[in-house]
Amino acid sequence: MGRLTPIDTTYFKDERAGDFTVIGSAVQRSDARGHVTGRTLFFEDLTPPGLTHVKIHRSTRHHARIDRVDVSGALEVPGVLRVITHEDVPNNWYVVLRLIGVGPDDEPVLAEDRVLYRGEPIVAVVAETEEAAREGAARVVVDYTDLPAVLDVEAALADGAPIIKQAGTNHFVYEGHPCRRIRFGDVERGFAEADRIIEGRYSSSPIEHAPVEPTGCIVVPQGDGRLRIHSNTQAAFFTLDNTALILGVPPTSLRVVGGTVGGGFGGKVDVIVEPLACLAAMLTGRPAKYVYSRAEEMQVSSTRAAEHIHIKDGVMDDGRIVARQVTLYVDAGAYSRHSPYGTTKAAAHMPGPYTIPNVHVDCYCVYTNRTPSSAMRGFGVTIGDFALESHMDHVARELGMDPLRLRLKNAYRDGDMKAHRKIASGTALVEVIQSAADLVGHDLPPEYRAMSSAERPEG
Amino acid sequence: MPSTIVTLKLNGTERELIARPSTTLLSALRDTFGLTGAKRGCAQGGCGSCTVLLDGRPAVSCLIPVVTVDGCAVETVEGLADGDRLDDVQQAFVDHFATQCGFCTPGMIMSATALLNREPAPTRQDVTEAICGNVCRCTGYEPIVTAVLSAAESRRDGAAEGRHDSAAERRHDGAGERHRDAAAPLSGKAAG
Amino acid sequence: MAIRQGRGYAAVNYPTGMNLGGDPSQALVHATTMGGFVVTLSSVDLGQGLRTVVAQCAAETLGVPLENVIVDTADTDTGPHCMGTFASRGTHRVGNAVIMAAREAREVLLRVAADELEVDAEDLETDGTGFVRLKGAPEKKIHVSEVALAAHFRQGRTISGRGIFLKEPSTPVPETGEMDPDSCQAHACTVAEVEVDDETGVIEVLRLYNTYEVGRALNPAIATQQVEGGAWMGLSHALFESTEPYYPHSREHGPLDFAAYLMPGPADLPEQTSVFLERPAGNGPFGAKGIGEMTANAPIPAIANAVFDAVGVRLTSMPFTPEKVLRGLDELRAGRAG
């Protein structure tokens with residue numbers, strides 16, 4: 001029997017009451033037996049006859065103009081069937097989130113006259129074998145003129161920074177603003193009233209999803225002319241709809257079959273491999289596989305964005321935080337992917353699970369010449385929480401206050417207005433802190449022990 | 001270099017294939033014999049998801065040219081269960097919720113099997129060393145370590161009582177198998 | 001030079017779903033001839049256990065045994081739309097859609113059974129073991145397989161249901177950021193206990209204590225998998241993970257393989273002690289909130305704060321490499337000396 005995390009039913013006793021038959025039971029996973037016998041079929045376990053292989057020639061430069069692309073060497077490799085350049089892609093420019101109205105289309109499926117990051121795809125090679133495809137991709141010759149590269153978010157926004165994006169700014173534009181803003185109360189008045197100002201700067205490096213199963217797909221042409229896409233995508237219709245738009249075909253000509261994924265963590269939400277594999281299948285009339293090598297999975301699959309976060313708090317000596325200003329930079333890398341969305345999510349998350357009357361948040365989605373970042377488990381929030389909760393500890397130390405009492409004093413409660421003007425409900429920060437304190441025998445005074453998310457103590 | 005005929009004793013059965021010098025054991029298993037339990041996670045020997053037993057020892061099959069193991073015994077995850085009856089390691093992985101996405105599971109189970117074949121009473125450190133070449137990104141490893149230790153215990157119990165497969169038999173009520181995607185509750189509600 | 005111990009705290013909340021462009025998922029449920037119930041989706045199980053958990057939601061709602069439920073996903077030819085598996089939305093959105101579809105199917109099931117038993121459908125209930133029975137007179141009952149056969153071959157009705165969950169799109173107000181981007185919030189508090197070697201800068205996480213408020217643990221074993229695996233990922237992010245080469249440090253994208261991209265292995269695990277609290281969300285399936293992402297978050301600052309507690313170094317940049325610890329210690333010493 002697997003270990004079960006116990007449920008402490010003394011908290012929220014009335015709310016959690018319920019009479020269930022199978023909900024709340026530690027039912028065995030329906031997929032476990034397939035996993036332990038090797039019967040679970042992942043996309044790459046499919047071996048259709050006549051399978052071709054797609055490999056990519058990628059940019060060796062961070063930022064460069066492409067002067068010439070010579071594919072003749074690739075075509076001489078025995079077993080190479082086709083090369084695919086941007087001219088073969090019906091609608092080469094896209095942004096995954098256009099399905100929900102995010103624009104502009106800022107990323108080419110295959111690079112045209114410039115590359116914006118090292119590893120950007122330029123030419124796809126389709127071959128009888130993986131070896132031939134790899135060899136063909138290696139034989140493509142690209143002449144570049146290097147352009148100044150920007151590898152840091154704050155440098156990208158500095159005066160005089162080279163503009164790397166066609167849209168004309170190195171940041172996403174939110175309805176005329178250079179950043180997603182939260183404005184709540186009057187942060188300057190809050191700072192003026194505060195007993196002290198406590199600031200902190202936090203940052204992170206990019207992080208890989210590193211799923212053990214690489215991102216990939218196998219596309220099999222069907223008798224009726226449709227393409228069946230066996231994919232480890234995390235979002236079947238995202239993949240279907242974006243692929244159809246890129247290929248300029250009706251969505252009914254494609255079918256995505258998936259649902260078994262060897263780890264995603266957000267890395268398999270971008271629609272990268274399917275359009276080119278479909279194109280390879282359409283151009284050769286044969287099944288095509290495009291799966292990242294481990295090196296590609298490490299190098300060119302999206303990352304968790306690097307972030308820079310500055311926090312400035314106005315704090316009273318009794319521990320109340322009366323103002324918080326957050327400036328947050330998300331390194332989107334070269335292209336948008338899901339980052340404009342994640343940056344808004346980061347803004348909505350501020351100022352953390354605390355009720356602070358004056359909040360001022362600027363979250364920038366910044367383009368650099370780094371590998372594009374995108375969704376990853378907790379994106380917009382994980383690094384923000386690192387900054388917020390490190391800063392809470394910093395504030396507690398500055399005040400000489402118990403770090404849990406500081407949090408309990410400021411914790412949001414039901415009915416509080418959050419900075420993005422949503423009324424909090426179903427809150428439980430107070431209770432998780434009380435419970436965790438119990439786990440380690442951390443002493444809380446009776447008034448803190450008596451606190452509840454359902455009501456705010458007077459005074 | 002020409003292709004050659006290679007003979008493997010594959011999960012107990014002699015099998016032959018024609019292999020090029022560059023054909024890996026992993027490719028032979030997956031592409032020639034259709035045994036896709038061993039996974040290709042990196043093709044660099046770095047993730048362990050292609051682990052099989054080669055003459056009883058764990059090996060990353062993605063790095064081994066199959067021509068170099070002509071005549072060897074190869075065991076894969078597909079060879080562990082007796083029909084529908086799971087072996088102790090497989091059953092322990094199910095019982096202890098040691099699988100999430102499942103991609104590392106076959107390799108993990110083969111590394112664990114190699115350990116238990118050589119050391120019936122492993123310590124926790126033996127287990128962590130045995131699986132240290134197998135990357136899992138989902139579970140945090142703890143349930144896997146627990147499962148391997150538990151499998152060792154049930155094997156010892158079975159051996160002591162002279163009925164090696166009893167644990168699997170006892171548990172194999174088939175309840176979870178009647179429908180493709182459903183399983184019976186193993187227990188009542190979580191402790192409250 | 002010494003090994004120093006410290007304890008650090010962090011508390012977080014995490015939004016379920018994100019509906020800045022609409023955030024829907026759909027489900028279909030239908031009965032087969034002998035009373036199997038097929039839940040048809042296009043949702044993706046990444047290993048988090050979605051297939052199992054939505055089968056539980058369907059069985060609970062239909063009032064039939066779990067063994068009667070089949071989950072068929074993710075095929076875009078057969079499964080209705082699902083936005084995808086991300087943003088801690090799967091269990092919440094898909095679970096809700098499945099419950100709605102299962103309710104509709106259950107209504108038909110009871111109507112067909114009522115005609116067979118010649119009673120009113122309102123007077124019927126399911127017993128969870130496979131029978132539909134008359135309330136107050138449990139001996140008057142009919143098995144769901146009989147009901148399904150009757151629907152197919154005598155009554156000519158489809159026992160089926162459709163479900164969708166959509167939290168309507170929210171568009172942020174550009175000036176103020178006013179928005180309603182999510183459905184509910186899960187919560188977590190982590191206490192980390194670490195050892196820091198002030199000679200090498202190496203941090204060892206000894207213990208993680210976690211309380212998670214999850215709304216409802218639909219399957220406590222699978223929820224346990226999520227929190228344990230997530231806390232491991234948080235630890236991994238905190239101490240090791242970076243695409244940037246450690247030395248000489250640069251912004252290049254370094255690693256090509258698992259040897260260069262560092263993560264903790266099975267010998268590097270802290271002891272984890274966890275507790276769930278349940279404050280059911282009014283809009284969640286049986287109250288469940290999304291927890292898949294949150295579980296990685298609190299351990300990171302808790303570890304940083306524990307390092308401060310141990311050696312007085314405030315780590316402000318992830319990952320917390322030994323070099324950063326040592327540089328922080330150097331600064332402290334320089335400050336004391338100066």
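Buried area is the accessible area that two parts lose on being put together, summed over both. The model toured here is predicted.

**Stop 1: chains A and C**

Select chain A and chain C together. About 10,000 Å² is buried between chain A and chain C, and carbon and sulfur atoms give 56% of that area. Colour the residues in contact: 118 come from chain A and 121 from chain C.

Next, show the charged side chains across this boundary. There are 15 salt bridges between chain A and chain C. To see a salt bridge in detail, pick R16(A) and E278(C), whose side chains meet with an N to O distance of 2.7 Å. Polar contacts across the interface of chain A and chain C come to 71 residue pairs, with both residues at pLDDT 80 or more.

Now hide chain C and keep the face of chain A that touches it. Select residues 382-399 of chain A, which form helix α11; this helix gives the most to that face, with nine residues. By residue class, the chain A side consists of 51 nonpolar, 35 polar and 32 charged residues.

**Stop 2: the nonpolar cores**

Bring back every chain. Select L276(A), F93(B), V194(C), I203(C), I303(C) and F320(C): these have the most contacts inside the largest nonpolar core, which has 210 residues. A separate core of 56 residues lies apart from it, and includes A31(C), A59(C), V98(C) and A113(C).

Centre on V194(C). Leaving out residues up to four places away in sequence, V194(C) touches, among others, R4(C), Q5(C) and G6(C). Its contacts also include I203(C), I303(C), A306(C), V307(C) and A310(C).

**Stop 3: chain B**

Chain B has six helices and six strands. Followed from the N terminus, its elements run β-β-α-β-β-β-α-α-α-α-α-β. Of the 192 residues in chain B, 54% are buried. Among its contacts with a separation of 6 or more, 55% join residues 24 or more positions apart.

**Stop 4: L25(B)**

Select residues 25-32 of chain B, helix α1, where L25(B) is placed. Is L25(B) buried or exposed? L25(B) counts as buried because its relative accessibility is 0%, and buried means under 20%.

Show what surrounds this side chain. Setting aside neighbours within four places in sequence, L25(B) is in contact with L8(B), V52(B), L54(B), S61(B), I64(B), P65(B), V66(B) and V74(B). Finally, draw a distance from L25(B) to C47(B): these residues are 22 apart along the chain, and their C-alpha atoms are separated by 16 Å.

Technical notes. Residues are numbered from 1 along each chain as its sequence is written. Chains are lettered from A and ligands numbered from 1 in the order in which they are written. This is a predicted model: local features need pLDDT of at least 70, side-chain atom pairs count only at pLDDT 80 or more; totals for chains, interfaces and linings use all residues. Side-chain values use heavy atoms; hydrogens and water are left out. A nonpolar core is a set of buried Ala, Val, Leu, Ile, Met, Phe, Trp, Tyr and Cys residues joined through side-chain atoms within 4.5 Å. Buried means under 20% relative accessible area, exposed over 50%, partly exposed in between (1.4 Å probe, protein chains only). Contact means heavy atoms within 4.5 Å. Buried area is the accessible area (1.4 Å probe) that two parts lose on being put together, summed over both. A salt bridge is a side-chain nitrogen of Lys or Arg within 4 Å of a carboxyl oxygen of Asp or Glu. A polar contact is a pair of N or O atoms within 3.5 Å; within protein, one must be able to donate a hydrogen and the other to accept it, and residues adjacent in sequence count only if both atoms are side-chain atoms. Helices (H or I, at least four residues) and strands (E, at least two) are DSSP runs, numbered from the N terminus. Ala, Val, Leu, Ile, Met, Phe, Trp, Tyr, Cys and Pro count as nonpolar, Asp, Glu, Lys and Arg as charged, and the others, Gly among them, as polar.
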